[in-house]
Amino acid sequence: MSRLEPLAPDALPDEMRAVLDYAEQTMGFTPNDVLIMARWPELLQAMAGVVGAVFVPGQVSMELKRLVALMTSVAAGCQYCAAHNAYGLQLDGVDPEKQAAVWDFERSPLFSDAERAALVYARGAGQSPSGVTDADFVRLKEHFDDRQILEIAGVIGLFGFLNRWNASLAVPLEDAPLTHAQTALAGTGWQPGVHGPGVAE
């Protein structure tokens, strides 16, 4: 049970419908974190701009951005965002075998050296305080230019905010990502925690 109730979609003013429509088109459902953030319209509009800048095709592939978001969220301990990003990988058509191997990315042949460098960086950056080392950053620079690094850091920064927003407000998981995470993340020990149905801590 959420610590703040999501607004009903039909309660949103017209100027926020575009934000909600974008979220629905992107994820295939209405995200509860958006419906809670809608209680503060100025923040929702600002976050929509950040999400729109970070999660568009750029110099870093959408697949890698989603993998970085998943790794950041797992490192931060946000079950809500981990479930959303695992579900997003499925929607993006990422090979299920590769999704399952993400927890063994340092050894799996399904990942390139560039992807490994990005995921090591994301895992360290998701921790608090940051676990990124100089060696991690040197390794990242071997594979990505400055703009690409900023795109990766942008994903991490966005989820640094969302991980804390969703975890501290106990935002309830929607049915689609909850069901997917129970299978896709089962081998990681993932549990919905405060984001599960009827749960409040």
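This is a predicted model: local features need pLDDT of at least 70, side-chain atom pairs count only at pLDDT 80 or more; totals for chains, interfaces and linings use all residues.

Me: Okay, what covers the buried residues of α4?
Reply: The cover includes α1 (17–27), α3 (41–54), α5 (79–91), α6 (96–101), α7 (113–125) and α9 (146–168).

Me: And which residues of α4 are buried?
Reply: In α4, the buried ones are L64, K65, R66, L67, V68, A69, L70, M71, T72 and S73.

Me: How far apart are the end C-alpha atoms of α4, and what should the span be?
Reply: Helix α4 runs over residues 62–76, so at 1.5 Å a residue its 15 residues should span 21 Å. Its end C-alpha atoms are 21 Å apart, which agrees.

Me: What does T72 touch?
Reply: Leaving out residues up to four places away in sequence, T72 touches A122, G126, I156, F159 and N163.

Me: New topic: K98. Where is it, and is it buried or exposed?
Reply: K98 sits in helix α6. It counts as buried, at 10% relative accessibility.

Me: Which residues does K98 touch?
Reply: Again not counting residues up to four places away in sequence, K98 touches E63, L67, L110, F111 and E115. K98 and F111 are 13 residues apart along the chain, and their C-alpha atoms are separated by 7.9 Å.

Me: Now helix pairs. At what angle do α5 and α9 pack?
Reply: About 125°, with their axes 8 Å apart. That makes α5 oblique to α9.

Me: Which residues make that contact?
Reply: Y80, C81 and N85 come from α5, while F159, L162, N163 and N166 come from α9. By class, the residues of this contact of α5 with α9 are 4 nonpolar, 3 polar and no charged.

Me: How about α7 and α8, how do their axes cross?
Reply: The axes of α7 and helix α8 (residues 134–141) cross at roughly 145° and come within 9 Å. The crossing of α7 and α8 is left-handed.

Me: And who's in that contact?
Reply: α7 brings R116, A117, A118, V120 and Y121, and α8 brings D136, F137, R139 and L140. The contact of α7 with α8 has 6 nonpolar, no polar and 3 charged residues.

Key. Residues are numbered from 1 along each chain as its sequence is written. Side-chain values use heavy atoms; hydrogens and water are left out. Helices (H or I, at least four residues) and strands (E, at least two) are DSSP runs, numbered from the N terminus. The expected span of a helix is 1.5 Å times one less than its number of residues. Buried means under 20% relative accessible area, exposed over 50%, partly exposed in between (1.4 Å probe, protein chains only). Contact means heavy atoms within 4.5 Å. Axes are lines fitted to C-alpha atoms, for helices over the stretch in contact, and angles run from 0 to 180 degrees between N-to-C directions. Angles under 35 degrees count as roughly parallel, over 145 as roughly antiparallel, 65 to 115 as roughly perpendicular and the rest as oblique. Ala, Val, Leu, Ile, Met, Phe, Trp, Tyr, Cys and Pro count as nonpolar, Asp, Glu, Lys and Arg as charged, and the others, Gly among them, as polar. A crossing is left-handed if the near helix is turned anticlockwise from the far one by less than a right angle, and right-handed if clockwise.
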